[in-house]
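Let's take a friendly walk through a protein model, starting with one residue and ending with the whole chain. Have a look at the structure first.

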Amino acid sequence: MKFAHIDRTTAGSINLTYTTNVQQLPAPARDGRIVVGEIPQEPRHFVERAEARELGEAVARSRIVVVVTGMRGTGKTHLAAALARSEITTGAGLVGWINAATIDAARTGLAEIAQLMGLAAPEEDSTVAAQRLRGHLSSERRRGLLIFDNATDPDEIRALLPATGETRVVITTTDLSFTALGEPVDLGCFTEREAIDYLCDSTGLTDQAGARQLAGELGRLPLALTAAATTIAARRLDFDRYLTLLRAKQLPHVLARKVGQDYKWSVAQAILLSVDSVEAETADPELDAATRNLIALMAMLSPAGVRRAVLPDLGGRLDDVIDRCVDGSLLAWSDSDDALLMHRLVSRVLRERAESNGEADDLVMGSLGMIAPLMSTIEGNWTTRELFFHIADQIDAIGSTDIWERGATDTAELMLILRKWATQELCDFADLVRSETLGRSTLADCERILGPEHPTTLAVRVTLANSHTTAGRVDEAIDLLESSLEIYARVLGPDDPETLTARNNLAAVYHAAGRHDRAVTLHEATLADRERVLGPDHPDTLDSRNNLADSYSEVGQLTKAIALHEANVADRERVLGPDHPDTLSSRGHVAYAYVSIGQLDKAIALHQAILRDRERLRGPDHPDTLTSRNNLATTYQTAGRLDLAIDLHEATTSEFERLLGPDHPNTLTSRNNQASAYAAAGQLDKAIALHDATLTDRERILGPDHPDTLGARHNLANTYESAGQTATAVTLHETNLARCEQLLGPDHPITLTSRAGLADSYTSAGQIDKAIALDETNLADVERVLGPEHPYTFAARNNLATAYTSAGHIDKAITLYETNLADVERVLGPDHPDTFNSRGNLAALYESAGQPDLAIALQEANLADVERVLGPDHPHTLHARNNLAYTCRSVGLIDRALDLYARNLTERERVFGPAHPDTLISRNNLAAVYAISGAFVKSIALHRENLGLCERVLGADHPVTINARDNIPPGLRQ
């Protein structure tokens, strides 16, 4: 009995929205060139400035970074965009345009580049993908260009920049502290000559004196000059008339001074005059209203670009409105023509105008109202991940304006609810760093604006706890949920349904943290209260009953668990009907419980029925159907029906890959389970290759420290150990344990599992002292954390006794095995599979200690009980018979040993097939006893047969093959 950390997909554990649109990992462009991001198009009447040459020269001589500084409106973005277009023309390998207004947006942009370069999958955590791109570019020898536009946080951006390589970085920013990262290029306003030429060229006027006067009035700020020129051209004004309008019109106070951005009052006037021109009434009132709506929306959305696809249709007038705004220079298309951009300064003027007019709430609510309908198209649908990140950028942009929290509380609450939704979706899309970051900031804003006891604040706390749990930070999740439960109970009362839900959530995280006794106690109390408050048939009550049954299974109270699961199935069939998804899920839990007590025939029959029902109700391609197929395959594997298990796992993995994509977490779980089936069948090369690929993919998609990645590394290490590659197994286990302890802490169940795996590898590698020290530590920790009667404690005690046996400490091992058997029988019952294992281990040790009578008596009783409870074909039964045969051989009961070994070989060949590892062992054992009995011809024939199968299945260098070869005298091997 050993710890195991093998993924098992249980019925009802995956809740996905079905889709047939699968995103595959994009291949790099055929010519090796990649252009990513919303690069602004070259504006009309673009001015070639001296700073463009200065920027190009700075980039050419720069080690890595050039920083373009200047206040908003000077043209930093267009200067960088001109460089980007030049690099595209001259053939740079990579040109990436990244919105760096927030660190999350910057990581998302880098992740998109990583995807297109084949370094990351669409489903990958953006933080992991960004770091992988950084590492790749640091060694890239081809020329490339990254532009971080409108960067705001030098410390965060610094961590994303390549350290070496041939990729150059340009950062545009208003923050002078960025100049510490690289060579600065300061971009000021137009020179007088540039300003005059621009105004005359863009308006068609020739009055250079008037142009000079207007340029001076606007401080020669390029953005203001563009606004003025657009208004002059649209209204057919001259410079003098425009100046009169500029000075005469009373406009709201906008552009309050910000550090480093001291704009002339006339700049805001010029921008607002251009807005007036675009918003001016025409003979088409519907178009006028739609224009005002789009301008208001764009003022709140991301200045890095808004895809046309996410904008509302505006009564079918969207394209007309876009044309009107582009002609009026309020909007511009990206270079790829799929995103619209509004300059940040224009957006700011519009927002401050709205605040001055008392319309800020309308502005915020309009933008949030655009986002809300998109939510239902995103939730749970992995193929919409890229679209979701674009929407998340828009939510970030709305949140960064600050005006949402200065208005009505209802407006602020809706903003926070959208951020809560984005936090959950980021978690569901496996972007855990960003999810936790957004969740923390959203919770802080909720507590500040709404108060710590507001329902939305409590809901955000639960969402953040879910992100923490998914990332393996269960202690942080528990802190959040415990504080939430206290508030629910105090504010709403202990019997309120919300309070009961909070208790249920906390119990679930207690389980994730290995605090099973607390979880059971809390689930028991919650079930009792839900039955009393909501009634025995309420869906929440049925959920509680299911959760409590699972908790009982976790702590080894399997009789209780099965009784509760079976009762829940009956109740759900009665209340919800036999075909309801929750009913099918409950039946899956019963089947899994049957597996845990060794009733494999019942479990297989139930899983087969569930699979038929799901195929009938949801079709063969639905994720729930694939989950049922996976569960059935895993149960086949447990029952030793490995051919069926492998065939089903292979088919299921292929279907997951086709429907959800090769990088979806469920696909990776299915691949892991398939690899485990290969290992169980002795197909270790296949198992290692698949486990290795799964580990690589999980590291790439989820990061090296995600709990699923830790599990994949553990499984790969165990498979290397099974293949006799103990040094590799030890190295992997040591790496995994260090990461577990650092990320999850020394007492987390996954850490305890990892420590047990390393100790077992030390034993296999002959490092017995290390193994004993680690097993002793682990037993003490498991007993302290989980209690003396937890199944993990029994496993840890068994592992230590095994290590003592390997070291020759027989008396210590016997004492430990005897204690363990007594505890297992008392807690789990005499007919539990773990009891059979404990009894078999103790009997084997009695034989090693020279007490064969005790060993045989215990083994005979054990075999009879295993065969009675599990059936004659169960792997445990065959294993128990093999052990009894071995002891009979050791004490000279050769005829009985021959009979037992011969029967076992026949049964294993029938059940497992002739080349299964257990069958190979049985054939080898029978051949050895034939030799002892003097039947040498039979012995050699059987050894030869075994050697041929070992070489074919395990390979010539496998330890079992080498042993089989050594069993035959050299001259008789052919």
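## A threonine inside a helix

Threonine 423 lies in helix α17, which covers residues 409-428. Helices (H or I, at least four residues) and strands (E, at least two) are DSSP runs, numbered from the N terminus. Is this threonine 423 buried or exposed? Threonine 423 is buried, with a relative accessible area of 2%; buried means under 20%, exposed over 50%, and partly exposed in between (1.4 Å probe, protein chains only).

Leaving out residues up to four places away in sequence, threonine 423 touches Ser435, Leu438, Gly439, Thr442, Thr463 and Ser467. Contact here means heavy atoms within 4.5 Å.

## How to read the model

This is a predicted model, where local features need pLDDT of at least 70, side-chain atom pairs count only at pLDDT 80 or more, and totals for chains, interfaces and linings use all residues. Residues are numbered from 1 along each chain as its sequence is written, and side-chain values use heavy atoms, with hydrogens and water left out.

## The six-stranded sheet

Now find the open sheet of six strands, in the order β1-β3-β4-β5-β2-β6 with parallel pairing. Two strands pair if DSSP finds at least two bridges between them. Because β1 (34-36) and β6 (183-186) stand at the edges with a single partner strand each, one side of each is left without a neighbour in the sheet. From one strand to the next, the twist averages 15°.

Strand β2 (residues 65-69) pairs with β6 in the parallel sense over four bridges. In β6, glutamate 183 is the bridge partner of valine 66. Helix α2 (residues 76-90) packs on the sheet, touching β1, β2, β3 (94-99), β4 (144-149) and β5 (167-173). The direction of α2 makes about 160° with that of β3; axes are lines fitted to C-alpha atoms, for helices over the stretch in contact, and angles run from 0 to 180 degrees between N-to-C directions.

## Two positive phi angles

Most residues other than glycine have a negative phi. Asparagine 150, in the loop between β4 and α5 (154-158), has a positive phi of about 60°. Asparagine 150 is buried, with a relative accessible area of 7%.

Serine 329 has a positive phi of about 65°, and is found in the loop between α12 (318-327) and β8 (332-333). Serine 329 is partly exposed, at 30% relative accessible area.

## The whole chain

The protein chain has 43 helices and nine strands. Its C-alpha trace spans about 120 × 70 × 50 Å along its principal axes. Buried residues make up 56% of the 974 residues.
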